[in-house]
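This report looks at ring pairs, helix packing and a few individual residues. The model comes first, then the findings.

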Amino acid sequence: MGKYLEVTKIYMKTQLVWRADVIFNMIFTITKILFAYLLWGMVYQNKEVVGQFTFHAMLSYYIVSSFLSQLEMSEGISSEIHDRIRNGTFSKYMVIPVGIQKYFMAMELGIVLFYIVFDFIAAVVWIFVFQIQFVFATNVLLILCAMIMAILGMIFMVQLNYFLGLLTLKYQGIGTFLMIKNSLVALVTGSIMPLVLFPEMIVKMMRLLPFYYVTYLPAMLFTGRCREETVTGIAVISCWCLLMQLLIHAVWKKYLRKYDGVGI
């Protein structure tokens with residue numbers, strides 16, 4: 001356990017080198033909230049409620065969902081693994097005395113812990129700038145469940161990106177898989193708009209996908225909504241995490257023999 005904590009600490013310190021990335025990450029968070037403010041400001045000009053959301057409730061949802069989506073920074077894992085496997089330097093991770101998947105999870109944790117402070121500051125600043133009557137859950141148990149779901153969602157995304165990276169052991173490129181994943185993430189996580197605004201049949205289908213529980217449902221829980229989906233949501237995303245772990249194990253065991261590393 002200690003060696004993975006060291007990996008986490010190293011990647012937290014590494015982020016200090018790339019200070020421009022921190023600034024751009026905060027700007028991107030602010031941009032998403034600003035876009036939501038302008039867009040929904042026009043929508044709510046002649047309406048008090050849209051899809052059971054008041055204007056301030058809608059902005060509260062966007063602030064929370066933007067915060068959660070900015071914390072999910074595991075996309076680089078698949079690209080890192082792909083590039084390492086293609087140029088033969090994936091051996092680097094095979095010779096160090098750590099589990100490869102656990103190494104990447106510890107790396108992701110270090111990055112998330114570093115950025116969580118700055119993303120939180122960006123979100124709070126905009127609450128005061130726009131004078132938003134911030135809507136947030138008051139039930140401690142609901143908040144705790146939302147945190148558990150958000151953590152499980154981030155674990156799933158790390159697993160998914162790790163799995164997609166490992167597919168390079170079989171396929172020459174994984175660009176198509178990444179494109180499909182990015183499209184699903186953009187739509188089903190509710191980062192574009194709350195899924196409650198979609199037809200009920202579409203939402204029911206989305207509940208079968210893990211991405212529904214990565215950002216959208218935790219954000220809804222944090223703002224005091226969808227309480228009836230709490231237990232089911234945690235159970236579903238837990239099952240997806242287990243399924244993805246089984247897929248990772250199967251792919252690693254089957255295709256590792258195809259890897260021909262040339263150096264570290």
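## Aromatic pairs

Across the whole structure, a search finds 19 aromatic pairs. Rings of Phe, Tyr and Trp (its six-membered ring) pair if their centres lie within 6.5 Å; planes under 30 degrees apart count as stacked, over 60 as edge-to-face and the rest as tilted. Phe53 and Tyr61 are edge-to-face, because their ring centres lie 6.1 Å apart and their planes stand at 65°. Both Phe53 and Tyr61 are buried (under 20% relative accessible area; exposed is over 50%, partly exposed in between, with a 1.4 Å probe and protein chains only).

Phe156 and Trp240 also pair edge-to-face, with centres 6.2 Å apart and planes at 75°. This pair links distant parts of the chain: Phe156 lies in helix H7 (residues 140-166) and Trp240 in helix H11 (residues 230-255), 84 residues apart. Phe156 is buried, at 1% relative accessible area. Trp240 is partly exposed, at 24%. Elsewhere, ring pairs join Tyr11, Phe90, Tyr93, Tyr103, Phe104, Tyr162 and Trp252 into a cluster.

## Basis of the model

This is a predicted model: local features need pLDDT of at least 70, side-chain atom pairs count only at pLDDT 80 or more, and totals for chains, interfaces and linings use all residues. Residues are numbered from 1 along each chain as its sequence is written, and side-chain values use heavy atoms, with hydrogens and water left out.

## H7 against H11

Helices (H or I, at least four residues) and strands (E, at least two) are DSSP runs, numbered from the N terminus. H7 and H11 pack at about 20°, with axes 9 Å apart. Axes are lines fitted to C-alpha atoms, for helices over the stretch in contact, and angles run from 0 to 180 degrees between N-to-C directions. H7 and H11 are therefore roughly parallel (under 35 degrees; over 145 is roughly antiparallel, 65 to 115 roughly perpendicular, the rest oblique).

The crossing of H7 and H11 is left-handed (the near helix is turned anticlockwise from the far one by less than a right angle; clockwise is right-handed). By class, their contact holds 20 nonpolar, six polar and no charged residues. Ala, Val, Leu, Ile, Met, Phe, Trp, Tyr, Cys and Pro count as nonpolar, Asp, Glu, Lys and Arg as charged, and the others, Gly among them, as polar.

## H4 against H6

Helix H4 (residues 75-87) packs on helix H6 (residues 100-129) at about 140°, with axes 11 Å apart. That makes H4 oblique to H6. Their crossing is right-handed.

From H4, Ile77, Glu80 and Ile81 meet Phe104, Met107 and Glu108 of H6. Contact means heavy atoms within 4.5 Å. The contact of H4 with H6 has four nonpolar, no polar and two charged residues.

## Two buried residues

Gln159 sits in helix H7. Gln159 is buried, at 5% relative accessible area. Leaving out residues up to four places away in sequence, Gln159 touches Gln101, Cys241, Met244, Gln245 and Ile248.

Thr223 lies in the loop between helix H10 (216-222) and H11. Thr223 is buried, with a relative accessible area of 5%. Its contacts, neighbours within four places in sequence aside, are Ser60, Tyr61, Val64, Val135, Phe136 and Ala137.
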